[in-house]
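Subject: Structure handover

Hello,

Here is the structure you asked for, with the sequence. My notes on it follow below.

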Amino acid sequence: MDPIWQNITTALEVPSEVADKWLAKLKQQYSLPNRHYHNEEQMLRRKVEHLSGSSVCLQLALLFQYYNFDAGKDCVQENCDALKEFLAEAKIDNKALENNTLRLLGDVSVESSDLPDDDVSYFQDLDLLILGYSAEDYKLYTEQLRKEYPSKETSSYAKMRLKILQTFNRIPFIYATKEFGDKFEKTARDNIGKEIKELESQ
């Protein structure tokens, strides 16, 4: 997280005290005990590896996408509010950057006419990287993900997870970009197919 945050705050000329304050807040949020997969060590580490040369907008969206996280609810609005709070404290008056980042975070109410389609596709694919990792990494991911739904009964969790995986199984391409498709598509299909069989047998 640190080098990406350094890239962002340097590019945006964020005052050091604001940059340090928000880095501490990001680290605190991503280390909360309810995060078994959606944390810095597991999820962010894998995504950050693929951010070299990406836009400040995309990097910002990546760090704020799961700033607030609750497996049982949608936190899009809370994360958009956190981004706006950071930009306000940093005194960044760049409406295009703000709107483009908000759109990536899921706020469809803002206009972002200059947000590149490639950034949207890349951002979406980053969220699906783990699906195409090795069988061992994927197994660990599914175990960590399950721990984020502690109150959900096994049968209801299995049904919910199965519905998501079957949706992936039906679409022509899991990954929107050629880069990730070439690298991860086949393994992702294999991992998903295996998990579907396991869930159907429960």
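Helix α4 crosses helix α6 in a right-handed sense. Please keep in mind that this is a predicted model. α4 covers residues 56-64 and α6 covers residues 95-105; their axes are 9 Å apart and the packing angle is about 45°. That angle makes α4 oblique to α6. On the α4 side the contact is made by V56, C57, L58, L60, A61 and F64, and these meet L97, N100, T101, L104 and L105 of α6. Sorted by class, the residues of this contact are nine nonpolar, two polar and no charged.

α4 also matters for the core count. The largest nonpolar core has 65 residues, and W5, L60, L63, F64, F86 and L131 are the ones with the most contacts inside it. Seven residues of this core come from α4, which is the largest share. As a general point, nonpolar side chains in soluble globular proteins tend to be buried together.

With neighbours within four places in sequence left aside, F64 is in contact with W5, W22, Y30, N79, A82, L83, F86 and L105. L105 belongs to the α6 side of the contact described above, while W5 and F86 are, like F64, among the residues with the most contacts inside the core.

Next, helix α7, residues 117-126. Its buried residues are D119, S121, Y122, F123, D125 and L126. They pack against α4 and α6 again, and also against α3 (40-48) and α10 (178-200).

In α3 I looked at one residue, Q42. Is Q42 buried or exposed? Its relative accessible area is 13%, and buried means under 20%, so Q42 is buried. Apart from neighbours within four places in sequence, Q42 is in contact with H36, Y37, L140 and Q144.

The other helix pair I noted is α9 (residues 154-170) with α10. Their axes come within 10 Å and cross at roughly 145°, and the crossing is left-handed. From α9, the contact uses A158, R161, L162, L165, Q166, F168 and N169; from α10, it uses R189, I192, E195, I196, L199 and E200. By class there are seven nonpolar, two polar and four charged residues in the contact of α9 with α10. The contact of α4 with α6, by comparison, has no charged residues.

I164 is also in α9. Its relative accessible area is 38%, and I164 is therefore partly exposed. Between I164 and Q124 there are 40 residues in sequence and 16 Å in space, taken C-alpha to C-alpha.

Finally, two loop residues have backbone angles to note:

- E13 sits in the loop between α1 (2-11) and α2 (16-30). Its phi is near 55°, which is positive in a residue other than glycine. E13 is exposed, at a relative accessible area of 69%.
- K91 sits in the loop between α5 (76-89) and α6. K91 is not a glycine, yet its phi is positive, at about 55°. With 74% relative accessibility, K91 counts as exposed.

Regards

Technical notes:
Residues are numbered from 1 along each chain as its sequence is written. This is a predicted model: local features need pLDDT of at least 70, side-chain atom pairs count only at pLDDT 80 or more; totals for chains, interfaces and linings use all residues. Side-chain values use heavy atoms; hydrogens and water are left out. Axes are lines fitted to C-alpha atoms, for helices over the stretch in contact, and angles run from 0 to 180 degrees between N-to-C directions. Helices (H or I, at least four residues) and strands (E, at least two) are DSSP runs, numbered from the N terminus. Angles under 35 degrees count as roughly parallel, over 145 as roughly antiparallel, 65 to 115 as roughly perpendicular and the rest as oblique. A crossing is left-handed if the near helix is turned anticlockwise from the far one by less than a right angle, and right-handed if clockwise. Contact means heavy atoms within 4.5 Å. Ala, Val, Leu, Ile, Met, Phe, Trp, Tyr, Cys and Pro count as nonpolar, Asp, Glu, Lys and Arg as charged, and the others, Gly among them, as polar. Buried means under 20% relative accessible area, exposed over 50%, partly exposed in between (1.4 Å probe, protein chains only). A nonpolar core is a set of buried Ala, Val, Leu, Ile, Met, Phe, Trp, Tyr and Cys residues joined through side-chain atoms within 4.5 Å.
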